Amino acid sequence: MRTADLTGLPEGVPEALHDEGIEELYPPQAEAVEAGLTDGESLVAAVPTASGKTLVAELAMLSSVARGGKALYIVPLRALASEKKAEFERWEEYGIDVGVSTGNYESSGEWLSSRDIIVATSEKVDSLVRNNAAWMDQLSCVVADEVHLVNDRHRGPTLEVTLAKLRQLNPSLQVVALSATVGNAGEVADWLDASLVHSDWRPIDLKMGVHYGNAITFDDGSQREVPVGKGDRQTPALVADALEGDGDDDQGSSLVFVNSRRNAESAARRMAGVTEQYITGDERSELAELAAEIRDVSDTETSEDLAKAVAKGAAFHHAGLASEHRTLVEDAFRDRLIKCICATPTLAAGVNTPSRRVVVRDWQRYDGDYGGMKPLDVLEVHQMMGRAGRPGLDPYGEAVLLSKDADSRDELFERYIWADAEDVHSKLAAEPALRTHLLATVASGFAHTREGLLEFLDQTLYATQTDDPGRLEQVTDRVLDYLEVNGFVEFEDQTIRATPIGHTVSRLYLDPMSAAEIIDGLRWADDHRTEKLRELEGETASASRSAQSEPDATAGFQRASDMVADAGGEAGSNSTSDDTDDFESDRTYPTTLGLYHLVCRTPDMYQLYLKSGDRDTYTELCYEREPEFLGRVPSEYEDVAFEDWLSALKTARLLEDWSDEVDEDRITERYGVGPGDIRGKVETAEWLLGAAERLASELDLESVYAVREAKMRVQYGVNEELLDLAGVRGVGRKRARRLYEAGVESRADLREADKSRILAALRGRRKTAENILEAAGRKDPSMDEIDESDAPDDAVP
Ligand code: ADP
């Protein structure tokens, strides 16, 4: 089918596709159009990676908008949202407005009502439904990308429930679900009342094979010699072989998939030794520039390691990388400047980085729940392999697994090459998933009775798949009990209603169990305030004696409520004094560590693992800082509970270091994490503390000020005296400290202090200084004529 013959699209779109080089629809795309894709019919497209699923989505969305509707595109990862938005924005010249909704969960995003296409994660869509976004009613088309993720224990239930709710809101909604080629795509189509396009067609041939000895054996029976030379090193030999290619100007890049971040980094170091031999002089200088850009993003060890590999034409890619790093690496790989990426499987999920050759080096991975190495799913390996072959550039793609002996070669063929992908199974009947979703379903008015809830659940994939309907009923009853006991719902005869606090919990997008933990912890703090402050005062006296040798411990113990007043805070509660007793303390209670620990032990925070030796370290810390914890500390004999407590403590300590202004680099070293992980923990903590602040204010708890301070400190990564400065756009934690040391201590000082003093503290960066002064509201921010050397000596920290 020719794109020129497509009907029902906004004017100009078929011609634009033609100009992009898309003249003919790929066969699965044509099949989708024949099934009514551009007439509003629902569809499940289960086709391999890189076979044009995005265009299927675009055709559905554009035709829906042309009929006067509004489309929603649900992405599986936040990182993909902006990529997709950028892709769809090329339709703006045909009158299509595109918006992306990320960030703050607790908002209804009313501005999105003016957009024709909206891109969001399933978590975000779920929260928009909870916050009753008015434009939800106008949706006419929803696309679910990577719908096979309903199989994912953690994220699947949200996608499943969200689709069910959207369909309940608008029964004639067009649902287009894009899926990898899973075993039971038909079942998914049944659930969504959609037709099915199921195809193994690919735009470019894919040869799959296993390397063993000195050759790759492919699935078509052919072989390619790739001798490993001394040391039996298969991966470097395969990467070098792809770069050799089959003739002049036929250099092929490689993607190497490994099973851990550490392995990705060490493999990249090794592969850099290979790629280095294949780069030209021009490429070398371009790569040097790229390496400098990478170092500019952050001055951490990860950044340095990445820059070193990139300078030689190789890179690593994993979830611990900062997103700026990821983008730089992906772009340079697409431009063929970087010749080899060593990646963990995150890259296979969605990011469009095709490569001549894919090497699946590790097909087993450590699984914590399982307690050992576990083979990857066929689906995952197929998705990695699907990244092989760049249409228009390569004659075909090659995907290679590695084996050490003939037996395991045959096993790999059986297990991954000849095998079909697994079926997907709903994970909705798990208790944590239902806890969250049942409360939301009641709070947002989708159901008011137990029967109504069960009826709603009947529209999920779980119901389509299960042959034990009783199970969902049992879990539902248990969960309703839990929600009632914790005060999130109440029953009146047959009617279930969310309580005010239940509504808040649902809108804040918290797992009700996290909310219960936080509320219990903060109530406990209110009840034990005086007694704990006394304990802490005793401890402070001895701590200040040893403070000289430990600079971190000298942080001022200013009352949190004063601090909030200084910063122009607006927290809601009215009681600021310790009215339980007339005992006066200068300490803040609860302490930041206590609060960080509280949010770190909720199920909404991924805690750091305890490594060997950590148990002793954190057990000791646990006893040292016992008065700070909110709630009862489990005893060492409660093995699992105590272990969890310590993991939460390790995570809380990381946050404490961050807000005590410890260098990012020191933190990555101390906790064995990447800079991306620090940011992830910080963002989650900020969100959870924001939620805690809301709960505390709504329940009139005294801790509300302390919570607010802890949230701000983690948000900016600074001690309390810097909060005012760090809140100014462009300042950040390091510059705030330098300004403060130079005597510029507040936003007001930025407006009034001597400019040469400010410039010196900012190391002579004029543009930066001007931007900061402007953001602080200084009338004349210009730094022309100012000379930093005029600043007094004490202005150079
Ligand atoms: P998927 O989402 O299935 O992994 P994409 O939608 O990213 O794959 O498509 C891969 C590439 O194929 C994109 O660069 C896209 O522009 C191109 N493409 C899609 N459909 C066609 C077509 N009919 N003709 C030519 N190129 C196409």
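In this predicted model, P590 sits in the loop that runs between helix 21 (560-566) and helix 22 (592-600).

Two other loop residues have a positive phi although neither is a glycine. For R336 the angle is about 65 degrees, and the residue belongs to the loop between helix 12 (323-334) and strand 13 (340-343). For E661 phi is about 70 degrees; this residue is in the loop between helix 24 (639-659) and helix 25 (664-671). Their accessibility can be set side by side: R336 is partly exposed, with a relative accessible area of 34%, whereas E661, at 18%, counts as buried, because the cut-off for buried is under 20%.

The ligand is surrounded by residues including I22, E24, Y26, Q29, S51, G52, K53 and T54. Helix 3 (residues 53-66) supplies the largest share of this shell, three residues. By class, the shell divides into five nonpolar, five polar and two charged residues. The protein covers 73% of the 560 Å² of accessible area that the ligand has on its own.

Side chains of opposite charge can pair when their charged atoms come close. In the whole structure, 52 salt bridges are found. One of them joins R361 and D362, at 3.1 Å from N to O; R361 is partly exposed at 21% relative accessibility, while D362 is buried at 14%.

Another salt bridge pairs D477 with R450, at 2.7 Å from N to O. This pair links distant parts of the chain, with D477 in helix 18 (residues 469-485) and R450 in helix 16 (residues 450-457), 27 residues apart. Both partners are partly exposed, D477 at 30% and R450 at 24%.

K532 and E535 also form a salt bridge, with an N to O distance of 3.6 Å. Both lie in helix 20 (residues 512-545), three residues apart, about one turn of the helix. Here K532 is buried, at 10% relative accessible area, and E535 is partly exposed, at 37%. Elsewhere, salt bridges that share partners join R224, D241, R357 and E398 into one network.

Technical notes: Residues numbered from 1 in each chain as written. Predicted model: local features only at pLDDT ≥ 70, side-chain atom pairs only at ≥ 80, totals over all residues. Heavy atoms only, no water. Helix = DSSP H or I, 4+ residues; strand = E, 2+ residues; numbered from the N terminus. Buried < 20%, exposed > 50% of the residue type's maximum accessible area, 1.4 Å probe, protein only. Near = heavy atom within 4 Å. Areas by Shrake-Rupley, 256 points an atom, 1.4 Å probe, with all protein chains shown as cover. Nonpolar A, V, L, I, M, F, W, Y, C, P; charged D, E, K, R; others polar. Salt bridge = Lys/Arg side-chain N within 4 Å of Asp/Glu carboxyl O.
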